[in-house]
Amino acid sequence: MRQIDLHKLADDARFNRFHGLVLFWCALIIVFDGYDLAVVGIALPSIMKKMGVDATNAGFMVSSALFGMMFGAIFMGTIADRIGRRWAIAICVGLFSVFTAAAGLAESPVAFSAMRFLAGLGIGGVMPNVVAQMTEYSPKKIRATLVTLMFSGYAVGGIIAALLGKGLIEAYGWQSVFFAAGLPVILIPLILKSVPESMAFLLARGRNEELKKIASRLEPSYKPLATDSFAVPAKDRADSAPIKHLFYDGRGFSTVMFWIAFFMCLFMVFALSSWLTKLMASAGYSLGSALTFVLVLNVGAMVGAIGGGWLADRFHIKYVLAGMYALAAVSLTLLGYKMPTPALFILIGLAGASTIGTQIVANAYTGQFYPMAVRATGLGWALGVGRSGAILAPILIGVLVGMNLPLHQNFIAIAIPAVIGMVAVLLIKHDRSASASALRAEAGSALNKVAAGVSVSGTPGG
């Protein structure tokens, strides 16, 4: 009877059609997610004018979705390890599609905030699940590249929102950009049919026939036999209390550092996504120009995500991530000063690369840090705790905008968290990560084989 190590099978597989299918669906879901997040910032000036709200109250309206995202990331990230990742993803897509569209029907700030909170449960909940899914099924050599490539869909969603936003709002009103967000709900049956289930989840429930089908698609050279059994390393086995494993094996301190890093990065991301249009408009740029800045921000995010993932697969992901936080501190600080328009576009692109792009690389690093069985839980909690930074950002920057401070002071306030985030990343104990443990296990196995060979060759008559 053969015993198949699923973890090793996934690590050693070559990229094929199956990996492409997982990448396609996860990236498409993140495109929808990115649109739903960006659409509020695009429509915010129109919403403020239509509903007659000031900057401070608008900040609370934006943050309502982020409250939902905080609970969604924690709850749906954890529950996926119990009900299965595929169903968790489908539920999240339904939530953010239906309730973002419903926000377009709102006629008061309270109704709008309530719909955005419910949409936020899905927006926040889907992120840890698709990252865990892509991480689990990606070949080890290109894992960070695939995860960040998938997550660049977040920036694509922002680009689509920026491109569609001006035309739709001028032609049909701000509500139209929210109605468009309801379309993904029709894809839920296809998602349930096409997205594979987590291998750790199937193994825990003894669903070996499904595992055989997935394993043969994951690695076509594997030919299933009736007597095959499957296994994962002990640390990757699912159990009924995944949260406690975030603090096992010396991971506790690093878990807290991830939470701090996520808090700081999400503060920057949502400060920009919520207020960049308004800040640029208040600095004298037209609405069309301000929306162009949002477009450039998201193009930069896509370049930063893919480039950061490429670098992370070739260099140490921890130090690549720390460098991206440092770039964010510099680019955001410089954004507050007058400069030629071409230089401003470059800086906004760098800001997108080093804020949204940094968060995407941070997601990839977190996915590699935790064992397979608690990957969605670990990322869900990091995103959930980090959402408190995302919640605070629109409110705090809204207060600063309402105070009519000089432009550079607003951007310095957004830049300070980058320095704190960089320090937190540098303090993460990478030697406690699941990826480092796997490398040590491989090295130990190789040494044992060498030692066994020496022992055999050294025996009498050997």
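What is the volume of the second largest cavity?

Guide: Happy to take you there. The second largest cavity has a volume of about 90 Å³, a volume being the space filled by probe spheres set on grid points that are joined across faces, edges and corners. Its lining has 13 residues, and Met 127, Tyr 154, Leu 266, Val 269 and Gln 359 are the closest to the centre. A cavity here is a set of points, on a 1 Å grid over the protein atoms alone, where a 1.4 Å probe fits but cannot get out, and lining residues have an atom within 4 Å of a point.

Before going further, please keep in mind that this is a predicted model, in which local features need pLDDT of at least 70 and side-chain atom pairs count only at pLDDT 80 or more, while totals for chains, interfaces and linings use all residues. Residues are numbered from 1 along each chain as its sequence is written, and side-chain values use heavy atoms, with hydrogens and water left out.

Helices H12, H15 (341-369) and H16 (375-402) each give two or more residues to the lining; helices are DSSP runs of H or I with at least four residues, numbered from the N terminus. H15 supplies the largest share, four residues. By type, the lining has ten nonpolar residues, two polar and one charged. (Ala, Val, Leu, Ile, Met, Phe, Trp, Tyr, Cys and Pro count as nonpolar, Asp, Glu, Lys and Arg as charged, and the others, Gly among them, as polar.) At least three lining residues come from each of domain 1 (1-227) and domain 2 (241-440), with bounds taken from an automatic or database domain assignment.

For context, the whole structure holds five cavities of 30 Å³ or more. Two or more residues of the lining come from each of helix H2 (17-51), helix H7 (153-172), helix H12 (252-282) and helix H13 (287-314). H2 gives the most to this lining, with five residues.

The lining of the largest cavity is made of seven nonpolar and six polar residues, with no charged ones, whereas the second largest cavity has one charged residue in its lining. Why does the largest cavity lie between the domains? Because domain 1 (1-227) and domain 2 (241-440) both give residues to its lining.

How values were computed
1 Å grid on protein atoms, 1.4 Å probe; cavity = no way out; pocket = protein on both sides within 12 Å on 5 of 7 lines; lining within 4 Å.
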